[in-house]
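Dear colleague,

Please find the structure below. My notes on its sheet and helices follow.

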Amino acid sequence: MEAIFTKQLSKQYGQIWAVKDLNLEVRHGEIFGFLGPNGAGKTTTIRMLTTLTKPTYGRAWVEGYDVIKEPDKVRATIGVMQQHLSLDRDLTVRENMILRARLHRFSRLEAEKRINELLEYTGLSEHADRPIDTLSGGLQRRAMIACSLIHRPKLLFLDEPTVGLDAHTRRRMWDLIRRLNADGVTIFLTTHYIEEAESLCHRVGIIHQGRLIAVGEPLELRRKVGMYTVVTVKNNGNSHFMYFPDRESATKYVEGLPSDVKTIIVRESSLEDIFVELTGRSVEDS
Ligand SMILES: Nc1ncnc2c1ncn2[C@@H]1O[C@H](COP(=O)(O)OP(=O)(O)OP(=O)(O)O)[C@@H](O)[C@H]1O
Ligand SMILES: [Mg+2]
């Protein structure tokens with residue numbers, strides 16, 4: 001049994017197919033990254049998998065439970081951190097966590113123990129009694145994760161966990177995600193940062209206009225396009241990308257280039273190159 005399994009999962013909004021014929025497998029114990037530009041269908045996928053919205057057609061199983069037929073079982077097994085702030089802004093971190101614990105029918109004593117444990121785990125102990133509104137974006141995000149972990153989910157969905165965070169705070173978030181994963185939690189996260197998918201995820205799915213266009217380990221995907229990229233910029237400013245399986249073939253190509261080429265860059269290919277190659281446009285452009 002996979003942690004997530006979908007078959008032709010699809011969602012239509014009016015004329016738009018937000019997600020179309022998605023076939024996906026996420027294995028237990030992995031950090032799976034769902035990478036795509038704005039409007040690609042990442043949040044819609046998470047909403048279907050977490051039972052917040054019904055698919056138009058297709059099916060999905062989360063930890064073996066059918067999202068349509070067994071939504072309660074799915075919800076009991078997963079944790080979700082939504083894209084937008086989903087906490088009560090006027091309440092403190094601890095008060096928000098108490099509310100969550102009540103939803104999961106914890107006794108007062110159980111709740112207190114679990115909340116202290118999680119505050120410690122997420123590095124929020126010293127901020128526990130501050131209202132959410134007074135916290136930085138990074139701390140708010142961590143409080144959301146802490147809340148989503150109350151009932152010890154086996155699978156955690158994180159919708160853009162690091163968007164808008166500075167580089168330092170983003171890395172601390174990565175550390176927390178890695179630690180959770182090392183402690184046995186399967187992670188499904190969305191991002192539009194290629195660098196994040198590349199350094200954090202065991203496997204990556206690339207979604208574009210509602211369709212899954214590639215899936216695999218970052219290295220595997222790079223191999224598919226070519227491990228080396230040659231970027232050439234001509235005098236008129238136009239840049240051109242070429243992909244090669246190894247450095248030797250890239251160098252050979254460079255040696256044969258005409259003299260009107262202004263700039264030549266030979267570098268390792270990135271997920272960005274894969275995205276550009278597969279979709280014909282850059283993630284940042286969209
Ligand atoms: N409730 C809704 N009603 C109508 N259209 C919707 C709704 N939710 C999403 N859409 C549309 O479905 C498409 C996919 O949206 P979705 O929010 O899943 O993308 P996303 O990949 O999460 O984007 P972002 O990176 O901006 O969060 C978009 O065209 C969006 O406008
Ligand atoms: Mg989204």
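In which sense do β6 and strand β7 pair, and over how many bridges? β6 and β7 (residues 155–159) pair in the parallel sense over four bridges. Valine 80 stands opposite phenylalanine 157 in β7.

This is a predicted model, in which local features need pLDDT of at least 70 and side-chain atom pairs count only at pLDDT 80 or more, while totals for chains, interfaces and linings use all residues. Residues are numbered from 1 along each chain as its sequence is written, and chains are lettered from A and ligands numbered from 1 in the order in which they are written.

Helices (H or I, at least four residues) and strands (E, at least two) are DSSP runs, numbered from the N terminus; two strands pair if DSSP finds at least two bridges between them. β6 and β7 belong to an open, mixed sheet of six strands, ordered β6-β7-β8-β3-β9-β10. Its edge strands, β6 (78–81) and β10 (211–216), each pair on one side only.

Helix α5 (residues 137–148) lies across β6 and β7 and runs at about 160 degrees to β6. Angles run from 0 to 180 degrees between N-to-C directions, and axes are lines fitted to C-alpha atoms, for helices over the stretch in contact. Contact requires C-beta atoms, placed from the backbone, to lie within 7 Å.

Elsewhere, the axes of helices α3 (residues 93–103) and α4 (residues 108–121) come within 10 Å and cross at roughly 130 degrees. The contact involves Arg94, Met97, Ile98 and Ala101 of α3, with Ala111, Arg114, Ile115 and Leu118 of α4.

Kind regards

Notes
Two residues are in contact if their C-beta atoms, placed from the backbone, lie within 7 Å.
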